[in-house]
Amino acid sequence: MDTEAVRARLLRRREELERRASSAKADLRHESDPLSADFAEQVTQRESDEVLDAISESAREELRQIQAALRRLDEGCYTDCAVCGEPIEEGRLAAVPYTDRCRNCAEGERAAGPRRR
Ligand SMILES: [Zn+2]
């Protein structure tokens, strides 16, 4: 697996969501919020509720998952299922790069209802 490509993809997606958050916030406050080239670092520093409050719950949830996926990349356990510890299918990671569980566990969870482990 090309973890650098995955990381780049996650960072791009995070940037997109953060940009949306940022413009939503600017809309709310009538302020412009220019972002520097060093965007990734800035996002980490500004990972505040204030910014995240400005975007939808689903976007916020996706951002949380992206953050967690980036952390797992750093820790080298990105492809490990958080539930059963088996490797997550590559095709699944390609489709949902921020998922933390394998297909079996994701389906089991859906069958058992949300957020039960
Ligand atoms: Zn699993």
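Helices here are DSSP runs of at least four residues, numbered from the N terminus. Aspartate 100 lies in the loop between helix 5, residues 90–95, and helix 6, residues 103–112. The model is a predicted one.

Now the whole chain. Its secondary structure comes to six helices and zero strands. Read along the sequence, the pattern is α-α-α-α-α-α. The chain has 117 residues, and 13% of them are buried.

Which residues of helix 4 are buried? They are Leu63, Ile66 and Ala69. These three cover an arc of only 125° around the axis, which puts them on the same side of helix 4. A general rule about helices fits in here. An α-helix has 3.6 residues a turn, so residues three or four places apart point the same way.

Turn to the other face. Away from its buried side, helix 4 carries the exposed residues Glu57, Glu61, Arg71 and Glu75. Glycine 76 follows helix 4, and its phi is positive, near 80°.

The largest nonpolar core has five residues. Leu63, Ile66 and Ala69 belong to it, together with Tyr78 and Tyr98.

Follow tyrosine 98. Its place is the loop between helix 5 and helix 6. Is tyrosine 98 buried or exposed? Tyrosine 98 is buried, because 22 other C-beta atoms lie within 10 Å, and 20 or more are enough to count as buried. Leaving aside neighbours within four places in sequence, tyrosine 98 is in contact with Leu10, Glu62, Gln65, Ile66 and Ala69.

Return to aspartate 100, in the loop between helix 5 and helix 6. Aspartate 100 has 19 C-beta neighbours inside 10 Å, so it counts as partly exposed. Its contacts, leaving aside neighbours within four places in sequence, are Ala68, Ala69, Arg72 and Ala82. Glycine 85 is 15 residues from aspartate 100 in sequence, and the two are 9.9 Å apart in space, C-alpha to C-alpha.

One last stop is helix 1, residues 3–29, where alanine 24 lies. Alanine 24 counts as partly exposed because it has 17 C-beta neighbours inside 10 Å. Serine 56 is 32 residues from alanine 24 in sequence, yet the two lie 9.6 Å apart in space, C-alpha to C-alpha.

Conventions: Residues numbered from 1 in each chain as written. Predicted model: local features only at pLDDT ≥ 70, side-chain atom pairs only at ≥ 80, totals over all residues. Buried ≥ 20, exposed ≤ 12 C-beta atoms within 10 Å, placed from the backbone. Helix = DSSP H or I, 4+ residues; strand = E, 2+ residues; numbered from the N terminus. Arc of directions from axis to C-beta. Core = buried A, V, L, I, M, F, W, Y, C linked by C-beta atoms within 7 Å. Contact = placed C-beta atoms within 7 Å.
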